[in-house]
Each structure stands twice: as C-alpha cells, then as structure tokens.
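Here is a briefing on one model, arranged by topic. Look over the sequence and the structure before reading on.

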Amino acid sequence: MTTATADIIQVIGVTRTFGKGNGAVTVLKGATLALPAGKFIAFRGRSGSGKTTLINLLGALDQPTEGSIRFDGREITNLPEWKRDEIRRQEIGLIFQSFALVPLMTALENVEFMLRIADYPAKLRRDAALFALEQVGLGTCLHHRPFEMSGGEQQRTAIARAIAHKPKLILADEPTAELDSRTGLTIIKIFRDLVQQGMSVVLTTHDPAIMDMVDQVYELEDGHIVAAR
Ligand SMILES: Nc1ncnc2c1ncn2[C@@H]1O[C@H](COP(=O)(O)OP(=O)(O)OP(=O)(O)O)[C@@H](O)[C@H]1O
Ligand SMILES: [Mg+2]
C-alpha cells in the first residue's frame, strides 16, 4: 500500500555488511534517518565512512543487510530487482562523480537515451531532453560529445540526463569532486533551482562551501547518521 508522506526517504535501522566471517566489514550499523521531501540535503563523513554505500542503498542499487528503506512512502527493501530498477529509472535521478556519459553520444543523445531507458513516451523524448539541457544552461552544446565539453559541461549534461524524466529525488555522489570550486558552485546552484521547483536533492561532499548552501547536513560516523547542521 502506498501512504502519503512528507518524507521522501526513511531509513529504518539499516545495517550494511560487506563480506562474510573474519573479513566482514559493517559499514552502516542500524542507521536511522528521515529526509523531508523538497529539501537540499548533504551527507559528509571521512573517506570510507559509507557515503557511497548509503547513496547506493537510497537509490535501490543495493540492498541493506538488515533494516528497511522507504522511498516516497513505499518500502523498497526486498522488492524484486525488476521493480527496484523500475522505481530507480522512473522516479529517481542518479549523478556520479565521474559523470558517466556515453562517450560516442552527443549531449542531446545522452539525455534521450536515458529517457528511453526510463520508458518515457517516445513522442515526448526530444522535447523533454531539450528542456532539461536548457534548464542546466546547455542549450548551445546540444550536439557536442563528452570529449568536446569541459568537465562542468559534462556534469551539467549528466544532471540534464538525471532530471529529464522529472524524478522526485536526485541522488548525487560527490558531483563536484572532479570540478574546480567555481564550476562546482555553478553545479550546486543548479541543484538549488531544482529544489526550488520541488525536487528533493541528496548529495555527498567533502566541500565545506557546499555544506553552507544546503538545507541540512548529516554526518556518517561509526556506522550511524547524525544531524550535523
Ligand atoms: N562492494 C563492496 N565490497 C566490500 N567492501 C566494500 C564494498 N563497497 C564498499 N565497501 C567498503 O565499505 C566502506 C565504505 O565505503 P564507501 O565507498 O561507502 O565510503 P565513502 O564514504 O563513500 O568514501 P569516499 O569518501 O572515499 O568516497 C569502505 O571500507 C569500503 O572498502
Ligand atoms: Mg564515496
């Protein structure tokens, strides 16, 4: 059953252990957290504290060892893989540190390709892709391939790709780590605009300047998630 909720994400007693026996590493240890919808939220924590692990769990790319995760009021833990794929493709937008664009495709083709994967209606794909690229200020780079774009332009293409299907939630794992700080801030301003339009944005970062620009900061510490600001 779907219940209406003001939280876009609820993490309830989540543990994630990698490996077995003596070599097992427990990264999250019963972490609990509720993230309100329509906010800009950052996770911080030292390297190895579990930020990427958490983002992968929130995006249904990975399953907790124990505990449950609710996305927009729906349990996403223990769903069959095809169902998790569907939720991720249709309702979540993912952004990675390394942009992860298809090298031989232009900016426009990269965005249209993702819309196809999201089962977005064929007739509407071109317009949705153009709109998203316009939104991130790339209206003039539509036909550039990744190697013909700067790092900032590539990341903006990746953001356009992540937002074109109008997801409720954007998850971004260190989206500015490979950019200079000025370019990084233009990326953060784009996220701010998206939050203003009603999307929920969750990112991980090591950058204190970014933490000053978000609504809430959480810290990963010893397998737990604590409010930092
Ligand atoms: N698939 C895996 N198999 C085994 N161990 C893993 C796996 N994924 C992550 N880990 C371990 O879990 C811990 C947390 O990793 P994670 O990538 O989540 O950290 P992080 O906070 O994102 O670090 P960074 O800031 O360096 O990106 C690390 O000790 C890592 O080695
Ligand atoms: Mg990481």
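The model is predicted. Ligand 1 has Gly50, Lys51 and Thr53 among the residues around it. The largest pocket has a volume of about 260 Å³. Strands β9 and β10 pair in the antiparallel sense.

**Ligand 1**

- By class, the shell holds two nonpolar, seven polar and three charged residues.
- Helix α1 (residues 51–58) gives the largest share, three residues.
- Which kind of lysine 51 atom lies 2.8 Å from an oxygen atom of ligand 1? A polar side-chain atom does.
- Threonine 53 also places a polar side-chain atom by an oxygen atom of ligand 1, at 2.6 Å.
- Glycine 50 uses its backbone instead: an N or O atom there lies 3.0 Å from an oxygen atom of the ligand.
- Ligand 1 exposes 630 Å² when taken alone, and the protein buries 56% of that.

**Largest pocket**

- The volume of the largest pocket is about 260 Å³.
- Its lining counts 13 residues, and Arg88, Arg89, Ile92, Leu94 and Met114 are the closest to the centre.
- Which elements each supply at least two residues of the lining? They are α2 (81–91), β6 (92–95) and α5 (151–163).
- The lining divides into eight nonpolar, two polar and three charged residues.

- Strand β9 spans residues 216–221 and strand β10 spans residues 224–227.
- Four bridges join the two strands in the antiparallel sense.
- Glutamate 221 has histidine 224, in β10, as its bridge partner.
- Two residues lie between the strands of this hairpin.
- Aspartate 222 in the hairpin takes a positive phi near 50°.

- Most residues other than glycine have a negative phi.
- Aspartate 72 is not a glycine, yet its phi is positive, about 50°.
- Aspartate 72 sits in the loop between β4 (66–71) and β5 (74–75).
- Phenylalanine 99 is not a glycine either, and has a positive phi of about 70°.
- The loop that holds phenylalanine 99 runs between β6 and α3 (107–117).

Definitions and conventions:
Residues are numbered from 1 along each chain as its sequence is written. Chains are lettered from A and ligands numbered from 1 in the order in which they are written. This is a predicted model: local features need pLDDT of at least 70, side-chain atom pairs count only at pLDDT 80 or more; totals for chains, interfaces and linings use all residues. Side-chain values use heavy atoms; hydrogens and water are left out. A residue is near a molecule or strand if one of its heavy atoms lies within 4 Å of it. A polar contact is a pair of N or O atoms within 3.5 Å; within protein, one must be able to donate a hydrogen and the other to accept it, and residues adjacent in sequence count only if both atoms are side-chain atoms. Accessible areas come from the Shrake-Rupley method with a 1.4 Å probe; for residues, only the protein chains shown count as cover. Ala, Val, Leu, Ile, Met, Phe, Trp, Tyr, Cys and Pro count as nonpolar, Asp, Glu, Lys and Arg as charged, and the others, Gly among them, as polar. On a 1 Å grid over the protein atoms alone, a cavity is a set of points where a 1.4 Å probe fits but cannot get out, and a pocket is an open set with protein on both sides within 12 Å along at least five of seven lines; lining residues have an atom within 4 Å of a point. Grid points are joined across faces, edges and corners, and a volume is the space filled by probe spheres set on the points. Two strands pair if DSSP finds at least two bridges between them.
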